[in-house]
Amino acid sequence: IMEDTPVKIVVYHCRNLRLFKDGEQKIFCRQWPGLTMVSIPCSGKIEAHHLLKTMAGGAQGVLVLACSEKACQYLEGSSRSRKRVDYARLWLEKVGISAERLDFVRIPPMDRVALENLLREFLSKIQSLEALPAIAKA
């Protein structure tokens, strides 16, 4: 019965990636049960505690999508978010949760194909991991 429950994945993506035009994000998410896409002004705005709270809130996987380092409009946003994701991954390991549930990826702007391929890969990786420990669901 658990098989029917879609894997909950939250994707924070930099607005400057321009992955979606107005209204497209909702339509895109309908094709991916369990997926939540959250547009943020810059990937550098994400903090480690946001990522950990997202996991604590029931997400089985969290992705942070950033611009390439050279393309970041805020210069250091992309590298800043990379460090924060790494920091949050350390905390996941400390509480016995696979750090693979949290990932950081730089993708080309407006590349929906790259996004879909990434989501497919991430989803199968999350599905291959052992179930989250009960403490993570509390």
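Which residue forms a salt bridge with Glu-24? I began with this pairing.

**Entry 1: ground rules.** I noted that this is a predicted model, in which local features need pLDDT of at least 70 and side-chain atom pairs count only at pLDDT 80 or more, while totals for chains, interfaces and linings use all residues. I also noted that residues are numbered from 1 along each chain as its sequence is written, and that side-chain values use heavy atoms, with hydrogens and water left out.

**Entry 2: the opening pair.** The partner of Glu-24 is Arg-112, with the closest N and O atoms 2.5 Å apart. The pair links distant parts of the chain, since Glu-24 is in helix H1 and Arg-112 is in helix H4, 88 residues apart. I took a salt bridge to be a side-chain nitrogen of Lys or Arg within 4 Å of a carboxyl oxygen of Asp or Glu. Side chains of opposite charge can pair when their charged atoms come close. I then looked up accessibility (buried is under 20% relative accessible area, exposed is over 50%, and partly exposed is in between, with a 1.4 Å probe and protein chains only). Glu-24 is partly exposed at 25%, and Arg-112 is partly exposed at 26%.

**Entry 3: the chain as a whole.** I listed five helices and four strands, which are DSSP runs numbered from the N terminus (helices are H or I with at least four residues, strands are E with at least two). Their order from the N terminus is β-α-β-α-β-α-β-α-α. The chain has 138 residues, and 41% of them count as buried. The count of salt bridges comes to five.

Entry 4: I found a salt bridge between Arg-89 and Asp-103, at 3.8 Å from N to O. Arg-89 belongs to helix H3 and Asp-103 to strand S4, so this pair ties together parts 14 residues apart in sequence. Asp-103 also meets Lys-125 in a salt bridge, at 3.2 Å from N to O. Lys-125 lies in helix H4, so its pairing with Asp-103 in strand S4 ties together parts 22 residues apart in sequence. Through shared partners, Arg-89, Asp-103 and Lys-125 are joined into one network. Is Asp-103 buried or exposed? Asp-103 counts as buried because its relative accessibility is 17%. Arg-89, at 22%, is partly exposed, and Lys-125 is partly exposed at 23%.

**Entry 5: the second largest pocket.** I used a 1 Å grid over the protein atoms alone, where a pocket is an open set of points with protein on both sides within 12 Å along at least five of seven lines, and lining residues have an atom within 4 Å of a point. The second largest pocket holds about 180 Å³ of space, a volume being the space filled by probe spheres set on the points, which are joined across faces, edges and corners. Of its 13 lining residues, His-13, Phe-20, Lys-21, Gln-25 and Ser-39 are the closest to its centre. Helix H1 (24–30) and strand S1 (9–14) each supply at least two lining residues, and H1 gives the most, with three.

**Entry 6: backbone angles.** Arg-18 has a positive phi of about 45° although it is not a glycine, and Arg-18 lies in the loop between S1 and H1. Met-110, also not a glycine, has a positive phi of about 55°. Met-110 is in the loop between strand S4 (102–106) and helix H4 (112–128). I recorded Met-110 as exposed because its relative accessibility is 53%.

How values were computed. 1 Å grid on protein atoms, 1.4 Å probe; cavity = no way out; pocket = protein on both sides within 12 Å on 5 of 7 lines; lining within 4 Å.
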